[in-house]
Amino acid sequence: MQETANNNVATSGYLEIISFHLGKQVFCVNIMSVREIRGWAPSTTLPHSPPHVLGVINLRGSVIPVIDMAIRLGLPAIKPTERSAIIVTNIAGKLVGLLVENVSDMITVKNADLQPAPDVLPAAERALTKAIIPVDEQMICYLDLDALFSTEDELAA
Amino acid sequence: MLISRKLPLAAALLTIMSIGASSIVSLQIGSSAVNEKIVEKLEAVVDGRRNQLETFLANLQQDLTATSQNNLMRIALEGFKYDWGFLGADVSPELKRRYITENPFPAGERQKYDTAQKPDAAKISSYDQTHERYNPQLREMANSRGWEDFYLVDMNGNVMYSVNKYDDYASNLRSDAMKSTGLGQVYQGIVGDEVTDRTVFADYEAYAPIGGQPAAFMGHALNSQMGMVGVIIIRVPSGKIADIMSNTAGLGETGETVLLNSDGYLISDSVRTPESDMLAVRVDSDVQRTAQGSSIVVGSLEGYRNMDSSVAMTGVKFDGADWTVAALIDKSEAGASMVMMRNAILGVALLLLLGALAISIWFSRSLTKPIEALVDNMRRLAEGDTSIELAGENRKDEIGEMVRSVAVFRNAAIEKVELEREADDNRSQMEKRRQDREAAKAEETQLMQQAVDSLADGLHKLSEGDLTIRLETPFIESLDRLRLDFNASVEKLNETLSDVTENIHGINGDTGELRAAADDLSRRTEQQAASLEQTSAALDEITATVKNSSQRADEATSKVAEAKQSTDTSSKVVGQAINAMGRIEEASGEISKIINVIDEIAFQTNLLALNAGVEAARAGEAGKGFAVVAQEVRELAQRSATAAKDIKGLINKSGEEVKSGVTLVRETGDALSMIAEHVSAINDQINSIATAAREQSNGLTEINSAVNQMDQVTQQNAAMVEETTAVTHRLTSGAASLEGLVRQFTLTGGSRPVSVSTRAAMPGPAKHTPAPAAAKPAARPKVVAAGVGASTTNSRPVQSPARNMLNTVARAFGGDKSNNQTAASQDDWEEF
């Protein structure tokens, strides 16, 4: 799948992303890894879960975990409101809900516009940011969900 | 006539008169009482007989009616009718032969013959059989009821059966012989007139079949269901009526009761006569003609039984018979008791008369004897014989008195002779004394004449006004006092007139003064009246002004009330505005909720569009178009979300505006309440102004009445002043005339006449003027006190209507100013 996305990017030269807000910062993920976008619903907390794992929700019969992206990205925790959304993503064949503050847009960008993230962070952290996309006056941080999840696994392990 | 005759005669006359009068009265009363008793008795008897008779006749009718309803009668009649037909053509002679001529019983007992059938006869007659069957029953019935005969008659008038079998038996009632008899009349009355429901009656007449004896008949129809089939007739039992009428109880030896028919013939046999009177004796009486109907008439009857009798009659009406019952009694029998009574009274009267005569003769003797003796003595005394002896001086009656009086006369005659002798001696002495007295009297008369002449002369001069006259010559001793008194009187008169003259001058001066004062008073009173008029006018104006201001105050009060009402209304409006604001707020809240919903929908739409976009992206090239649509939807959702946000902002803003509006309105309400309070305060103020104005008005009314009173008083004063002036003028002229009168006299004395004349002239008034002037201040205050008010003194007026008025004003206006006003008014008053 990852390959498919890369192929897609490579072949078309265009990348479709979904941008969302966390605080004042705007992030985005590849649209192809998104399964569905849902409104906020309270989640069932899991015992002894790390701070960024909010709990689990019921998505049409299958139980999926919900992760607070702000905490996961080292930002101050967001307070869920009615306007918050859960982006259900398919990461390595697993469905994971990402709690974001606000889904702002669905944008198509040229691959050429993707800028590499500055080389100032440790490798583990740097791996989370695949690229920086400047759109108009905004800088959108393009997150690598696989990396995010693999780190997760590590953390979980 | 001598008293010895008069007295017995008078006694006899008195006795005769009293006894005669009382016996006449008692005889009359007795006679009328007896008459009344007889009349009552006759009335009672006649009424009783009438009632008995009517009862008897009614019973007779009832019996006959009952018999006619008895079936036996109809059956018997039918039987006889049936048999009648078998008797051949000569029915009547055949039956008369069988039951009358061949009847073994004599007339009157023929009813006992039950049948003419001979036991050995070959032929059997059905009539005889029927007769045998019914005769005993019918005979028994007639006997028991007292009927004299009983007939059964068929519709053709044939007498089918008769109990007693006289000549009327088996005859025909339509035949000429029978038609006019009572029997024929009854039959005709029933059959001819078809009377089926009552009895028919034929009055007493001589009836040939029974030998011309009187008979009355009564009949009734025999009715079957088919109608009338025959008639039954009875001969009325005269014997029973005679029994009723022959009762003479209570009617004495001559009285009886009789029954008369309408022609006046007796139809009951009189018990007082041996022969039969029925239809033979006639009583022709006016009483009977008036005694028709049930009323009882009383009268007298002459001729009947050759006697003069009292009679009472009353009518008995019965089925066409017009009878009269009469009760009568011989008048001589009725009056027998009266004759007895009269004889007894006459006998007693005669005895009484003889007794009275004897007593009166004895009594008159006892009186006349001593009177005759006394008369003889008195005659002797009149002839001068005083030596008479008087007997009976000790009697207690009037004769004794007379004797004693004669004794007094006798003694007086003896005294008189002695007195005459003494009187002759006295008379000669008296004559001598009288002559001496006449001589002295003549001398005295002469002296008195002189005195009178001189006194007359003096009086004459006095009458001419000369008061200088004096009588110098002395009078006789007894009259000299008269002269001295005359002189003193003239002297006194002289002095008095001098004083009068002096006083007249004084009065003249006073009246002049008085006139001046009165004129002054009059002028001032007029001034006062004018001032009062002005005051009154000014007061009227003030009153009008005060009334006007009072009205204005009232109007203001009403305006204020309106203003208060307006503010109250405004307060309500403010409350309503606040409520409206609240409602706007509520509505805004609702709108906000709706907007939230819209926002939510926009959000969800956005999410859906995103999902659609995701799906489109995942669909790759195939989802391109869809992605565009999703994008459009997303934009729409975002636009609605933005719009919702804008609306929300607007609504929040309007909510704030509404809040500030509410605050403002509330402040307006507070301001209005303040205004209402102020208005109330103004209202109170105006009310107090109105009250004050009303009080002023009242005060002014009182002032007005006070001024009116003052005006009246002033008018009265003016009138009084006028009168005073007139009186003063009259007084002046009176003084002048008085002075003229005094001047007629000539006055004596040294200085007196001179002083009088000088005082009467000019100096008099001049000299007297100061005196009234000095008296003036003393008199003035009274005038002031009387209300004229023209005071020149400093003393305050004690009491005046004006002061009352001012007090009233002060009370009316009240407050601090009143004192000043009162003071000012007081000053005004005193100036005035």
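Which side chains meet in a salt bridge at 2.4 Å, N to O? They are those of A:Arg83 and B:Asp599, where a salt bridge is a side-chain nitrogen of Lys or Arg within 4 Å of a carboxyl oxygen of Asp or Glu. This is a predicted model, in which local features need pLDDT of at least 70 and side-chain atom pairs count only at pLDDT 80 or more, while totals for chains, interfaces and linings use all residues. Residues are numbered from 1 along each chain as its sequence is written, chains are lettered from A and ligands numbered from 1 in the order in which they are written, and side-chain values use heavy atoms, with hydrogens and water left out.

**The interface of chain A and chain B**

- Chain A and chain B bury about 1400 Å² between them, 54% of it on carbon and sulfur atoms; buried area is the accessible area (1.4 Å probe) that two parts lose on being put together, summed over both.
- Of the area that chain A buries against chain B, 41% is supplied by A:Ile37, A:Arg83 and A:Met106, more than by any other three residues.
- The contact (heavy atoms within 4.5 Å) takes 18 residues from chain A and 15 residues from chain B.
- Three salt bridges are counted between chain A and chain B, and five residue pairs across the interface, both at pLDDT 80 or more, are in polar contact.
- A polar contact is a pair of N or O atoms within 3.5 Å; within protein, one must be able to donate a hydrogen and the other to accept it, and residues adjacent in sequence count only if both atoms are side-chain atoms.
- On the side of chain A that touches chain B, the elements giving two or more residues are β1 (14-22), β3 (34-39) and β8 (102-110) of chain A, and β3(A) gives the largest share, six residues.

**Chain A as a whole**

- Chain A has four helices and ten strands, where helices (H or I, at least four residues) and strands (E, at least two) are DSSP runs, numbered from the N terminus.
- Of the 157 residues in chain A, 43% are buried; buried means under 20% relative accessible area, exposed over 50%, and partly exposed in between (1.4 Å probe, protein chains only).
- Among the contacts in chain A with a separation of 6 or more, 55% are between residues 24 or more positions apart.

**Two residues with positive phi**

- Most residues other than glycine have a negative phi.
- A:His48, in the loop between β3 and β4 (53-59) of chain A, has a positive phi near 55°, and this residue counts as exposed at 84% relative accessibility.
- B:Glu194 also has a positive phi, of about 55°, although it is not a glycine; B:Glu194 lies in the loop between α6 (182-192) and β3 (200-207) of chain B and counts as exposed at 63% relative accessibility.

**Two further sites in chain B**

- B:Ser125, in the loop between α3 (91-101) and α4 (126-145) of chain B, is buried, with a relative accessible area of 12%.
- Leaving aside neighbours within four places in sequence, B:Ser125 is in contact with B:Leu87, B:Arg98 and B:Gln117.
- B:Leu514, found in helix α11 (residues 480-618) of chain B, is partly exposed, with a relative accessible area of 42%.
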